[in-house]
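Subject: Model handover

Hi,

My notes follow below it.

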Amino acid sequence: MMISHFMSRILGAWLLFLISFVEIRGSDDGSYMQQILSSAQQDKDWLVSIRRQIHENPELGFEEHNTSAIIRRELDKHDIPYRYPVAKTGVVAQIGSGSRPVVALRADMDALPLQELVQWEHMSKIEGKMHGCGHDAHTTMLLGAAKLLNQRKHKLKGTVRLLFQPAEEGGAGASHMIKEGALGDAEAIFAMHIGSHLSTGSISSLSGPVLAAVCFFEAKIEGKGGLAAEPHTNVDPILAASFAVLALQHLISREADPLNSNVLSVTYVRGGISLNVIPPYVEFGGTLRSLTTEGLHQLQLRLREVIEGQAAVHRCNAYVDLKEDEYPSYPAVVNDKNLNMHVQRVGSLLLGPENVKTGEKVMAGEDFAFYQELIPGVMLSIGIRNEKLGSVYSPHSPYFFIDEDVLPIGAALHTALAETYLDDHQHSDIK
């Protein structure tokens, strides 16, 4: 009885210690997060200015010379070392001890070939080009994080690599960054993308497949043209193309696992221009998407087989181009489970648990997936929706507009994700 009573007292004391420790640690974490957020908010005017400079001068993939110059100018102001050029216009900065663990943060820089229709003081000055997907905000938020991390570099228990990447919009800039050593010794990577469906001040993330593996295709079916009144003397490519387009839809309805997400869309068909002449050829094209990279590869294989097969049945020849030189195929974005838990935990401490949502799968593509093929990573969404400001349009819309209140929030979140990752992974320094 005496031993039992003694043990119960020991266990009780230990329990009280644990509770006190958790409360103190939770309080410390909350104070730490508020300190970062407060510091970021103090930089808001600077962040807004940087974002507007980038927004007024949008540049397409691998042409981001002005954007890169702004980034380097700001890094120089804060004596942050960097490497340039990487992948033609990219910049890779580094903050911390230079030793492991190493964590990477990534932002894309390129704009879209889109005419901005939002009438405001800082609209695009370049005809036919617009930051219609938020990359100007992504770049600005990472610059904000660079400043914050540099101010706190004496507290960093490792190294943070900051990747300012060109050509996300179809150019596979991430793959070029990787080839030129942008990741270094990074063992994990985070990125964020603005979300017009989320209110400003909130984020969402999801583990597992999040964004699709994507590619584009073009096909040409050649026959023999001639008078429509004499079809028996011709070889009709329109008929062959029609059967091919219909047969392609069966790849989704009859060959793809219905529990997996796959898309095959034919987005254009071009043929003759005369009402009484069968053309010599027909061209068509579109996009393939799958939430698994393997699923995309299977669709690519069957696409070619179906088009060539239908052309042969109708006595035509077919040529299929997957456009790899112009639009390289992207793998699927698959978020790491443990890193996603890290995002959810840090986000809850920084923004409040009510502002951290479970993300949704989307069939859009993102070349962030190339990094994830090498190291664990998470791409999360950060909200910009503000109906009073008109920040309600989805990316790739000419009316796309951003609530700039997101800028310090994103800078603080990048900083907190990196710092706490390094705190939690000290074992990575053991070689």
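**Strand 16 and its sheet**

Strand 16 (residues 377–385) is mostly covered, with seven of its nine residues buried. Buried means under 20% relative accessible area, exposed over 50%, and partly exposed in between (1.4 Å probe, protein chains only). Strands (E, at least two residues) and helices (H or I, at least four) are DSSP runs, numbered from the N terminus.

This is a predicted model: local features need pLDDT of at least 70, side-chain atom pairs count only at pLDDT 80 or more, and totals for chains, interfaces and linings use all residues. Residues are numbered from 1 along each chain as its sequence is written, and side-chain values use heavy atoms, with hydrogens and water left out.

Strand 16 has these partners. Strand 5 (residues 188–199) runs parallel to strand 16, and eight bridges join them. Strand 6 (residues 203–205) runs antiparallel to strand 16, with two bridges. Two strands count as paired if DSSP finds at least two bridges between them. S381 in strand 16 is the bridge partner of H193. S381 is also the bridge partner of S204.

The open sheet has eight strands in the order 1-2-4-3-5-16-6-15, with mixed pairing. Its edges are strand 1 (82–86) and strand 15 (356–358), each pairing on one side only. From one strand to the next, the twist averages 25 degrees. Axes are lines fitted to C-alpha atoms, for helices over the stretch in contact, and angles run from 0 to 180 degrees between N-to-C directions. At the strand 15 end, three bridges join strand 15 to strand 6, and the two run parallel. There S205 stands opposite T358.

**Two domains**

The domain assignment gives domain 1 (18–211 + 332–425) and domain 2 (213–321). Such bounds come from an automatic or database domain assignment. The C-alpha centres of the two domains lie 39 Å apart. Nine residues of domain 1 are in contact with 10 residues of domain 2. Contact means heavy atoms within 4.5 Å.

Strand 8 (residues 213–222) and strand 13 run antiparallel, joined by five bridges. Y319 in strand 13 is the bridge partner of K220.

**Cysteines**

How many disulfides are there? The count comes to zero, where a disulfide is a pair of cysteine sulfur atoms within 2.5 Å. Take C133: the closest cysteine sulfur, in C215, is 19 Å from its own, too far for a bond. C133 is buried, at 7% relative accessibility. C316 is buried as well, with a relative accessible area of 6%.

**Confidence**

Mean pLDDT for the chain is 93, and 92% of its residues reach 70 or more. pLDDT is the predictor's confidence in each residue, from 0 to 100.

Best regards
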